[in-house]
Each structure stands twice: as structure tokens, then as C-alpha cells.
Amino acid sequence: MPSITIEINSKQICGDEKSNLNMHFLPAQIKGDGDANVDSYFNVYTRQEQGVLTNSLRGYPLQGKTKSVPTNYKALVLQETQKPLDEEADRVLRVKGSFNEFTYWNYDKIPSASDGYNQAMQLLDIVGALSTTITEEDVLKEIETKKSSSK
């Protein structure tokens, strides 16, 4: 079974300014693997209109909002150091930086609670609630509450 190794530099995940990346979540697949001059060719065209960010990508209108990474979570950008020769090869990923917020973009519609990303973030709350330890006292208290409210 192949392994995945993640190389971590503590400076990159401790939140210093150099490693805090300016991230965008775009509804597009870009077949490129190099640096992009986002500040000069994208960010300068971003406008805010009625609380929604607007821009365009290759002529397609984008509408977006700035989102924060959920509390108690750390967002990392990983880069593969070398492409594997086959599916069974071991892989090595390196942390390239971290971010606390990012801009979430949709084509021609305002980001809403029905977007896949927002629904996935709601699952974090559900998982947190389901994984909370429940004591016997909690169960007895809930039973008493139910008995009181049914009278």
C-alpha cells in the first residue's frame, strides 16, 4: 500500500505574514502548474457591489464573498514535490503556506447556503455535535426535561 508523507515547516502553519496566502476558490479548472500574477491580472478588477464581490474570468461573470476558515481548523496549501510514476508509488507533499480566509466565487450567482462549499461547512457543525461525549447525567437530564414538557 502506498504512503503519503507530508513535510511541514512550523513557520508556514503558525500564521506569520509570509505564509498567509491570498486564496481564491474558483468554479473553474485551470490546467496550469505555475505562479499566477493574481494581484495584477485579477485582484485589481475585483469590485464590491451591495455586499457582493464581482469580477470575471475569461469573460464569465463571477460573484463572490470572503469566507473565514472555521474556528479550530487550519487551512493549508499542499504541493506534491514530485509526480508519482504510478498509482502505487509513495507520495510526498510539502506545505506551501496557510490561510485564514479566502474568496469564494460562483459563476453569475451570489454565493448562498445552497452552495456545495457552504453545505460541507455545515457538516462540520453536525460532526462536532455527533462526536460530543454524552454523559449519563446528560441523558438523565434530557429524560427529565422531556417528562416535564410532556405534562
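**Entry 1: ground rules.** I am working from a predicted model.

**Entry 2: Thr54.** I looked up where Thr54 sits and found it in strand E4, which covers residues 52–57. Buried or exposed? I got a relative accessible area of 16% for Thr54, so it goes down as buried, because the cut-off for buried is under 20%. Then I listed its neighbours, skipping residues up to four places away in sequence. Thr54 touches Tyr45, Thr46, Arg47, Glu49, Leu62, Gln63 and Trp105.

**Entry 3: aromatic pairs.** How many aromatic pairs does the structure hold? I noted 7. One of them is Phe25 with Tyr104, and I logged this pair as stacked, at 5.4 Å centre to centre with 10° between the planes. Phe25 is in strand E2 (residues 23–25) and Tyr104 in strand E8 (residues 101–107), so I have a link between distant parts of the chain, 79 residues apart. I also checked accessibility: Phe25 is partly exposed at 42%, whereas Tyr104 is buried at 4%.

I have both Phe42 and Trp105 down as buried. Trp105 was also on my contact list for Thr54.

**Entry 4: the cluster.** Which residues form one aromatic cluster? I found Phe25, Phe99, Phe102, Tyr104 and Tyr117 in it.

Methods:
Residues numbered from 1 in each chain as written. Predicted model: local features only at pLDDT ≥ 70, side-chain atom pairs only at ≥ 80, totals over all residues. Heavy atoms only, no water. Helix = DSSP H or I, 4+ residues; strand = E, 2+ residues; numbered from the N terminus. Buried < 20%, exposed > 50% of the residue type's maximum accessible area, 1.4 Å probe, protein only. Contact = heavy atoms within 4.5 Å. Phe/Tyr/Trp six-rings, centres within 6.5 Å; stacked < 30°, edge-to-face > 60°.
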